[in-house]
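User: Could you take a close look at the sheet in this model and at what packs against it? I'd like one connected walk-through, with the cut-offs spelled out.

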Amino acid sequence: MNLKEYLLLTHYTKPLFNNMRPSLICNDGFKMSVQAGSGYHCEPREENTEYTSVEIGFPHYDDILAVFQCGSTEEYEAEKKYYLQDPLNGILERVPIELVQKVINKHGGIDKQKTYDYIEKALKYNLTTEKCT
């Protein structure tokens with residue numbers, strides 16, 4: 001499974017996850033949040049389309065560095081400088097799809113089974129948990 005396939009697959013689970021895609025899990029255990037759609041900093045800002053960039057959320061500063069170590073594009077240089085100055089922001093905006101795919105490849109690709117298992121586990125939790133009203 002590549003990033004484009006992941007985005008297509010998880011588009012249909014977004015309503016069950018408060019309009020967020022579940023985490024993407026790589027073969028070496030690396031996990032990251034990859035979001036795209038009308039409410040995210042991506043291009044285009046539409047639902048269920050082919051994206052040129054996505055929004056990534058990271059739990060750790062080292063993971064942000066992993067993205068930058070995989071290369072950059074000229075347009076992305078300003079974004080890179082911003083996040084190196086303020087790594088606690090936690091969100092990378094408009095990250096080129098090619099760059100995200102390089103990060104995924106660096107971590108051995110997407111672990112399809114673990115990603116499916118994570119989606120299934122989260123769906124069961126969301127469907128059985130009572131919501132506060």
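Analyst: Let's start with a term: buried means under 20% relative accessible area, exposed means over 50%, and partly exposed is in between (1.4 Å probe, protein chains only). This is a predicted model, so local features need pLDDT of at least 70, side-chain atom pairs count only at pLDDT 80 or more, and totals for chains, interfaces and linings use all residues. Residues are numbered from 1 along each chain as its sequence is written, and side-chain values use heavy atoms, with hydrogens and water left out.

Now the sheet. With helices (H or I, at least four residues) and strands (E, at least two) taken as DSSP runs numbered from the N terminus, the chain has 5 helices and 4 strands, running α-β-β-β-α-α-β-α-α from the N terminus on. The 4 strands make an open sheet, ordered 1-2-3-4, with antiparallel pairing; two strands pair if DSSP finds at least two bridges between them. At the edges sit strand 1 (24-25) and strand 4 (91-96), each pairing on one side only.

Strand 3 (residues 53-57) pairs with strand 4 in the antiparallel sense over 4 bridges, and Gly 57 has Ile 91 of strand 4 as its bridge partner. Strand 3 is largely enclosed by the rest of the structure, because 4 of its 5 residues are buried. For the chain, buried residues make up 42% of the 133 residues.

What packs on the sheet? Helix 4 lies across strand 1, strand 2, strand 3 and strand 4, at about 105° to strand 4. Helix 1 packs on the sheet too, touching strand 1, strand 2 (31-35) and strand 3, and its direction makes about 70° with that of strand 2. Contact here means heavy atoms within 4.5 Å; axes are lines fitted to C-alpha atoms, for helices over the stretch in contact, and angles run from 0 to 180 degrees between N-to-C directions.

The two helices meet each other as well: helix 1 (residues 3-11) and helix 4 (residues 97-106) pack at an angle of about 100°, with axes 10 Å apart. That makes helix 1 roughly perpendicular to helix 4, a label for angles of 65 to 115 degrees (under 35 is roughly parallel, over 145 roughly antiparallel, the rest oblique). Leu 3, Lys 4 and Leu 7 of helix 1 make this contact with Ile 97, Val 100, Gln 101 and Ile 104 of helix 4.
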